[in-house]
Amino acid sequence: MPSQDELKAMVGQAALHYVVPGEIVGVGTGSTVNKFIDALAGVKASIRGAVSSSQASSERLRAAGIPVFDCNEVETLSVYVDGADEIDALGFMIKGGGAALTREKIVAAQSRRFVCIADASKLVQTLGAFPLPVEVVPMASARIARQFAALGGTARLRMAGSQPFLTDNGQQILDVSGLSIADPLQFESSVNQWPGVVTVGVFAHQKAQVCLLGTAAGVKTLAFDAA
Ligand code: 5RP
């Protein structure tokens with residue numbers, strides 16, 4: 001049985017199949033994406049560079065010798081490769097465990113195809129067992145926590161030691177447990193309207209078109225219909 005790390009490396013390598021030669025690639029954030037960046041380094045001569053969803057990924061890309069472009073320099077990307085904290089059978093996801101959800105959603109929105117890379121533990125029937133990350137403007141965090149409580153959720157402010165954790169955008173993260181998200185499209189649209197919510201970590205409107213799932217039997221490709 002391959003380890004979780006080996007499964008991540010397998011799907012990171014498999015994602016190269018979706019990289020279009022001569023183009024700029026959208027690159028997400030996290031330990032699975034790190035494996036993709038390592039694989040991408042091996043073919044860097046065949047691509048123009050990358051648009052990245054976090055400072056951490058940008059640093060890793062540059063260290064691998066891959067040029068990093070600003071999102072505003074690029075109109076459309078053919079492909080965005082990123083991990084997930086949960087993905088369901090329709091390609092809807094929870095993301096943001098690595099706190100990069102806002103930039104991830106921005107790059108995903110600019111991309112024609114979202115290729116999710118994940119080990120098999122991330123495939124779920126219903127989203128919500130993983131605490132939902134929500135990036136919020138600090139002055140709204142207590143009210144937003146109360147709004148989640150009204151839905152049956154428990155929101156905790158993500159901390160970095162004794163201080164609230166701050167995202168690359170200088171905002172805070174609430175991690176909301178106790179939710180069962182039966183209708184991800186409706187849930188995402190609704191929470192996005194709450195004043196002070198920067199980004200909710202449900203990726204339903206920017207869902208995956210493909211998931212490369214690392215399993216003991218190898219990489220399984222799941223293809224999803226449009227939302
Ligand atoms: C970061 C993310 C990641 O894609 C998600 O947390 C999965 O990470 P990993 O590949 O380390 O399990 O959304 O904000």
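The notes below cover the model, the ligand site and the cysteines.

## Basis

This is a predicted model: local features need pLDDT of at least 70, side-chain atom pairs count only at pLDDT 80 or more, and totals for chains, interfaces and linings use all residues. Residues are numbered from 1 along each chain as its sequence is written, and side-chain values use heavy atoms, without hydrogens and water.

## Ligand shell

The ligand is surrounded by 17 residues, where near means a heavy atom within 4 Å. S31, T32, D85, G96 and K122 are the closest.

By class, the shell has eight polar, six charged and three nonpolar residues. Here Ala, Val, Leu, Ile, Met, Phe, Trp, Tyr, Cys and Pro count as nonpolar, Asp, Glu, Lys and Arg as charged, and the others, Gly among them, as polar.

## Polar contacts and burial

Polar contacts are pairs of N or O atoms within 3.5 Å. In the side chain of S31, an N or O atom is 2.5 Å from a ligand oxygen. A backbone N or O atom of T29 lies 3.1 Å from an oxygen atom of the ligand. For D82, a side-chain N or O atom is 3.4 Å from a ligand oxygen.

Taken alone, the ligand exposes 380 Å². The protein buries 91% of that (Shrake-Rupley method, 1.4 Å probe).

## Cysteines

The structure holds zero disulfides (cysteine sulfur atoms within 2.5 Å). C116 is in no disulfide; its nearest cysteine sulfur belongs to C211, 4.2 Å away. That is too far for a bond.

C116 is buried, at 0% relative accessible area (buried means under 20%, 1.4 Å probe, protein chains only). C211 is also buried, at 0%.

Note on methods: A polar contact is a pair of N or O atoms within 3.5 Å; within protein, one must be able to donate a hydrogen and the other to accept it, and residues adjacent in sequence count only if both atoms are side-chain atoms. Buried means under 20% relative accessible area, exposed over 50%, partly exposed in between (1.4 Å probe, protein chains only).
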